[in-house]
Amino acid sequence: MISPGISASNLSLTFATNDGPVTALSDVTLDIGKGEFVSFIGPSGCGKTTFLRTIADLEKPSSGTITVNGQTPENARKDRAYGYVFQAPALYPWRTIEKNVALPLEIMGYPQAEQKARIARTLELVNLSGFEKRYPWQLSGGMQQRASIARALAFDADLLLMDEPFGALDEIVRDHLNSELLKLWKGTGKTICFVTHSIPEAVYLSTKIVVMSPRPGRVTDIIESTLPAERPLDIRETPEFLAIAARVREGLRAGHSYEEVG
Ligand SMILES: Nc1ncnc2c1ncn2[C@@H]1O[C@H](COP(=O)(O)OP(=O)(O)OP(=O)(O)O)[C@@H](O)[C@H]1O
């Protein structure tokens with residue numbers, strides 16, 4: 001049996017705004033096992049970021065429950081249960097790459113030697129060994145995003161929350177980072193929650209795909225991937241891959257997601 005990593009039950013979240021209440025999440029029920037790679041896909045405004053932020057205890061649900069490693073999100077946060085990778089790399093320009101990766105370790109009071117070892121290990125995991133002394137602006141966008149992944153990995157949380165980390169990158173860099181991320185996931189056994197707008201990216205990476213629709217944000221389909229663990233990039237041309245992609249597309253249509261745009 002897969003042990004529970006994240007369990008949401010009838011989770012709803014409504015923001016009070018000047019224009020009245022906005023329901024970002026409506027009645028979301030979802031279980032994510034430890035070691036799963038789960039993608040959240042849906043159009044802008046369907047609550048993907050809000051769901052990630054709720055896991056991270058950055059938002060409080062209006063109703064329903066959610067547990068992270070069997071605890072409240074607040075206790076999980078205090079336990080440093082997760083690393084968070086934002087849409088933009090969000091690196092400090094005045095800090096070198098190694099100093100950026102060191103930041104959470106400094107805050108958590110790791111001894112210098114331990115910091116050094118962890119920085120070396122995580123930079124190696126994301127293929128950035130040798131770039132320790134560079135500044136973020138000296139690296140390409142893809143390298144900057146890898147550095148921010150290294151920072152999220154530095155304190156070795158079991159759970160990695162990634163909010164559309166590769167959205168701003170070109171296809172080729174994105175392909176490369178997708179296969180690197182899969183390798184990293186397989187090598188570390190972490191649980192990954194990954195937000196994306198891209199159907200091929202979601203299908204390529206995930207063990208489970210959560211399709212969402214807006215107004216209000218809800219889950220329209222949960223797809224368990226039947227793809228093998230070993231996934232070369234050209235798996236994206238196989239009938240099995242295309243069948244899963246078609247089901248995701250159908251789920252998006254069922255939520256009237258794209259018809260409403262434009
Ligand atoms: N702090 C907030 N206050 C008020 N409304 C908010 C707040 N955060 C999000 N929302 C609203 O909640 C809904 C869901 O937003 P969310 O950012 O979770 O969507 P998303 O699916 O991640 O979108 P995107 O793909 O554009 O990042 C949107 O309508 C958004 O405007």
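**Entry 1: β6 and β7.** I looked up how strand β6 (residues 159–163) sits against strand β7 (residues 191–196). They pair in the parallel sense, over 5 bridges. I then picked Leu160 and searched for its bridge partner in β7: Ile192. I keep in mind that this is a predicted model.

**Entry 2: the whole sheet.** Next I traced the sheet. I found 6 strands in an open sheet, and the pairing is mixed. The order reads β5-β6-β7-β3-β8-β9. Which strands stand at the edges? I noted β5 (82–85) and β9 (218–224). Each has a single partner strand, so one side of each is left without a neighbour in the sheet.

Entry 3: Then I looked at helix α8 (residues 239–254). I found α8 lying across β3, β8 and β9. Against β9, α8 runs at about 170°.

**Entry 4: α3 and α5.** Last, I took a helix pair. Helix α3 (residues 97–107) and helix α5 (residues 141–153) pack with their axes 7 Å apart. Their angle is about 30°. Angles under 35 degrees count as roughly parallel, and α3 and α5 are therefore roughly parallel to each other. The crossing of α3 past α5 is right-handed. From α3, I noted Ile97, Asn100, Val101, Leu103 and Pro104 at the contact. They meet Ala147, Ala150 and Arg151 of α5. I sorted this contact by class: 6 nonpolar, 1 polar and 1 charged residues.

Key. Residues are numbered from 1 along each chain as its sequence is written. This is a predicted model: local features need pLDDT of at least 70, side-chain atom pairs count only at pLDDT 80 or more; totals for chains, interfaces and linings use all residues. Axes are lines fitted to C-alpha atoms, for helices over the stretch in contact, and angles run from 0 to 180 degrees between N-to-C directions. Helices (H or I, at least four residues) and strands (E, at least two) are DSSP runs, numbered from the N terminus. Angles under 35 degrees count as roughly parallel, over 145 as roughly antiparallel, 65 to 115 as roughly perpendicular and the rest as oblique. A crossing is left-handed if the near helix is turned anticlockwise from the far one by less than a right angle, and right-handed if clockwise. Two residues are in contact if their C-beta atoms, placed from the backbone, lie within 7 Å. Ala, Val, Leu, Ile, Met, Phe, Trp, Tyr, Cys and Pro count as nonpolar, Asp, Glu, Lys and Arg as charged, and the others, Gly among them, as polar. Two strands pair if DSSP finds at least two bridges between them.
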